[in-house]
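Colleague: I would like to learn how to read a few features of a structure. Could we go through them one at a time?

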Amino acid sequence: MRASKVAYKPVGLALGAVSGMIAGAAFKQVWKIVEGEGDAPDAMDEGRPWGQILIAAAVQGAIFAVVKASVERSGALATRRMTGTWPG
């Protein structure tokens, strides 16, 4: 394993945590707009219909994927600018 890849591991872990927080906050805001409710349904919410639960899961997954990819790509670009090598 290259040294740049090993050195990037802690940065990648920190960026992953940050992206999770950003995605969670973004999903809450999007859900308020979509449903007008404060809390998104959970798979174990007995009183919520299947459709609502599956839509919430799909929206949440899409938001998490986009935010994670954006944050990871930005971190890799910043690493290349600082070190001259791509971390991946």
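This is a predicted model: local features need pLDDT of at least 70, side-chain atom pairs count only at pLDDT 80 or more; totals for chains, interfaces and linings use all residues.

Colleague: Which side chain does Lys-68 meet in a salt bridge?

Modeller: The general idea is that side chains of opposite charge can pair when their charged atoms come close. Here the partner of Lys-68 is Glu-72, at 3.0 Å from N to O. The structure holds one salt bridge. Glu-72 is also partly exposed, with a relative accessible area of 37%.

Colleague: How many residues apart are Lys-68 and Glu-72 in helix α2?

Modeller: They are four residues apart, so about one helical turn separates Lys-68 from Glu-72.

Colleague: Which residues does Ser-19 touch, leaving out those up to four places away in sequence?

Modeller: Ser-19, which is found in helix α1, touches Val-67, Lys-68 and Val-71. Ser-19 is buried, because its relative accessible area is 5% and buried means under 20%.

Colleague: How much space lies in the largest pocket?

Modeller: Rolling a probe the size of a water molecule over the atoms shows where empty space is left. In this case the largest pocket has about 190 Å³ of space.

Colleague: What lines the largest pocket?

Modeller: Its lining has 14 residues, and those nearest the centre are Phe-27, Asp-39, Ala-40, Pro-41 and Gln-60. The elements giving two or more residues to that lining are α1 (3–35) and α2 (50–83). By class, eight lining residues are nonpolar, three are polar and three are charged.

Definitions and conventions: Residues are numbered from 1 along each chain as its sequence is written. Side-chain values use heavy atoms; hydrogens and water are left out. On a 1 Å grid over the protein atoms alone, a cavity is a set of points where a 1.4 Å probe fits but cannot get out, and a pocket is an open set with protein on both sides within 12 Å along at least five of seven lines; lining residues have an atom within 4 Å of a point. Grid points are joined across faces, edges and corners, and a volume is the space filled by probe spheres set on the points. Ala, Val, Leu, Ile, Met, Phe, Trp, Tyr, Cys and Pro count as nonpolar, Asp, Glu, Lys and Arg as charged, and the others, Gly among them, as polar. A salt bridge is a side-chain nitrogen of Lys or Arg within 4 Å of a carboxyl oxygen of Asp or Glu. Buried means under 20% relative accessible area, exposed over 50%, partly exposed in between (1.4 Å probe, protein chains only). Contact means heavy atoms within 4.5 Å.
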